[in-house]
Amino acid sequence: MSKNTPNRRRAALTTGALATAAVAALALSPVAAFAATPANVAQNGGAARSIDDSTQLLLDSVEAGPAKNVILLIGDGMGDSEITSARNYAYGAGGSLPGIDALPLTGQYTTYSVYKDGANKGKPDYVPDSAATGSAWATGTKTYDNAISVDVDGVPQDTLIEIAKANGKKTGNVSTAELQDATPAVQAAHVAARSCYGPDSVTQCGADALDQGGLGSISEQIIGTRADLTLGGGATSFGQTARAGQWQGDTLFAQAQDRGYQVVRDAAGLDGLTAADQTQPVLGTFTDGNFPTRYAATTATVGGADLAPQTCQPNPARLSTGLSLQSLTEKSIDLLDTGDQGFFLQVEGASIDKRDHSADACGQIGEVLDLDEAVQSALAFAEADGNTMVIVTADHAHTSQIVDSTPPATLSTALTTVDGTTMKIAYGTAAAGGSQQHTGTQLRVAGYGPGAANVVGLIDQTDNFFTIVNALQLDRDLDGLSADATISAPTEVAPGSEFTISTAGLAGDRQVTGTLDVDGTTTDLGIADVVDGVATYTVTAPTEPGSYTITLTGTQSGTTLSATVAVVVGAVTPAPTTPPAAAPADGASAGGAGTAGSGRGPLAFTGSDALPALLLALMLAGTGAALVLRRRHRATSAQDGVQL
Ligand SMILES: [Zn+2]
């Protein structure tokens with residue numbers, strides 16, 4: 001037997017080797033082009049992955065941060081068993097997943113959650129769900145199963161997307177699940193129960209609903225968090241109608257457009273996007289619920305692994321390749337990698353978990369392969385960029401096990417792998433028709449790029465939060481990021497003239513509320529979105545001379561800014577201005593007075609909704625003042641002048 005095996009297949013440890021693996025993989029078509037398994041794994045060294053001394057290669061892969069960009073890829077329910085079965089099936093036991101297996105630095109992390117209440121409150125719950133685990137890496141705080149980025153006491157915890165955005169990073173959130181599903185939700189929402197999907201989730205949302213004084217459903221909070229791009233499924237919830245707040249009576253899709261979003265629903269719409277930023281963020285929902293899987297289901301049965309082994313078949317319902325997880329990842333990177341600011345992008349392959357719950361071996365394997373292709377694209381970008389950290393991991397382990405013989409009483413399936421042999425997969429945590437359970441084992445976490453050495457060894461899921469915060473050098477004091485905000489307003493305006501009041505430097509806030517003070521009576525002016533630190537209200541001055549105070553308050557930080565405007569006959573009113581810090585794309589001006597190039601409504605301004613407007617009208621009626629709040633409505637450029 002030769003010691004000099006030609007089949008040295010150690011996962012790439014150098015950037016050059018990484019590039020080779022990633023680029024080569026990009027050319028592969030989904031099913032046919034999986035690498036053949038090595039023919040000689042039985043010979044001495046034939047199955048080895050690290051025959052040569054790898055010390056230098058490993059040292060070369062360790063690079064200190066900071067990193068400009070971070071891409072976090074999550075395989076939901078992707079434990080070691082799910083990775084191994086996908087590798088066995090598609091590349092052979094001696095082969096390599098060209099994405100997942102190419103990351104040079106690997107550790108393991110613990111995933112347990114904590115109990116919400118009772119005598120064990122705050123103590124470890126050994127088997128977590130996707131809500132607790134996602135919240136853990138999104139916020140750095142362990143919490144209870146069912147929690148979406150709130151702690152064990154229900155207190156909202158700042159998320160990576162919120163923090164990265166406040167620090168001027170671009171942000172993206174991609175999933176093959178409904179966007180309201182736990183893993184995407186943890187980056188954009190804070191609710192006590194993960195099933196609080198939309199305005200119609202009345203019971204599930206409870207006190208979190210807008211009409212109960214809460215922050216709103218997950219879908220409504222996604223719009224308000226305003227990542228630069230959010231792509232996935234879950235259109236159904238965005239088709240629901242808001243029951244309270246400024247957009248009461250509008251669907252969430254209409255609300256998103258009114259707030260400046262580019263709303264896309266299909267591959268052509270996604271392909272046509274040329275920008276995704278705070279001025280014109282992207283909300284892409286391509287299915288009503290979760291994405292269809294890559295492979296048709298092979299549901300396990302009792303004794304199933306004794307039946308003839310199967311091969312996985314394409315799922316006819318799978319979305320077009322333009323909407324594969326790999327395509328979404330590549331498009332996201334293109335849209336986020338636009339300048340010096342850098343970005344944070346989370347990408348989830350969601351249905352590894354969902355198919356595992358359904359004891360569907362081909363379903364889960366296909367989703368691992370889909371994620372692997374997305375990882376290949378992320379690595380190819382990171383390798384070319386040289387300043388991007390990539391982390392690939394999962395949220396919790398799952399049921400499927402690769403077994404040697406058919407279990408007598410539990411579900412199983414036999415598949416023929418690319419090795420030409422039979423792989424038996426068993427599901428033993430629920431009966432037929434039931435939902436297979438998550439499991440509590442630690443998980444693989446793999447990294448590449450500046451700062452990635454922090455994944456090595458045994459870490460906890462919450463470490464991912466700190467690793468990413470540190471790599472991107474994020475300031476977590478969001479209130480402090482709004483502390484130096486300023487307000488600008490004319491001191492004098494002519495009666496009936498139009499002018500703007502704007503704030504700048506509210507980086508730690510996502511919304512502002514405005515109030516108008518007239519003769520000691522305070523009235524709500526509604527909510528405005530903060531766009532790149534700027535929020536603007538466009539108002540028409542009262543016709544009655546006098547002194548009017550407008551106060552703007554950062555919703556998240558509580559930062560309060562006031563300006564007093566005197567309405568004086570004969571005053572020269574400054575023209576409405578474009579906010580200074582906005583970064584419009586495609587030449588469109590931003591802010592309250594601006595118009596988006598697409599013809600959609602502008603972004604910073606929002607007037608009041610019907611109820612406060614009416615209230616304001618009633619209150620001002622007695623003063624004889626006439627303050628007109630201008631509100632642009634949805635995609636039309638028509639302005640609803642609200643005479644107050
Ligand atoms: Zn699950």
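A residue is termed buried if 20 or more other C-beta atoms lie within 10 Å of its own, with C-beta atoms placed from the backbone. The views show a predicted model, in which local features need pLDDT of at least 70, side-chain atom pairs count only at pLDDT 80 or more, and totals for chains, interfaces and linings use all residues. Residues are numbered from 1 along each chain as its sequence is written.

View 1. Helices (H or I, at least four residues) and strands (E, at least two) are DSSP runs, numbered from the N terminus. Because 10 of its 12 residues are buried, helix 12 is largely enclosed by the rest of the structure. Among the buried residues are L325, L328, K331 and L336. They pack, by contacts (C-beta atoms within 7 Å), against strand 5 (170-178), strand 6 (229-233), helix 11 (267-271), strand 10 (343-349) and helix 14 (361-385).

**View 2. The crossing of helix 3 (residues 80-91) and helix 14.** Their axes, lines fitted to C-alpha atoms over the stretch in contact, come within 9 Å and cross at roughly 90 degrees. Helix 3 is therefore roughly perpendicular to helix 14 (65 to 115 degrees). E82, I83, S85, A86, Y89 and A90 of helix 3 meet A361, Q364, I365, V368 and L369 of helix 14.

**View 3. Strand 24 (residues 560-567) and its partners.** Strands pair if DSSP finds at least two bridges between them. Strand 18 (residues 492-493) runs parallel to strand 24, joined by 2 bridges, and V493 stands opposite V567. Strand 23 (residues 546-554) is antiparallel to strand 24, with 8 bridges, and T551 stands opposite S562. In the hairpin of strands 23 and 24, with 5 residues between the strands, G558 adopts a positive phi near 80 degrees.

How values were computed
Contact = placed C-beta atoms within 7 Å. Axes fitted to C-alpha atoms, helices over the stretch in contact; angles between N-to-C directions. Parallel < 35°, antiparallel > 145°, perpendicular 65-115°, else oblique.
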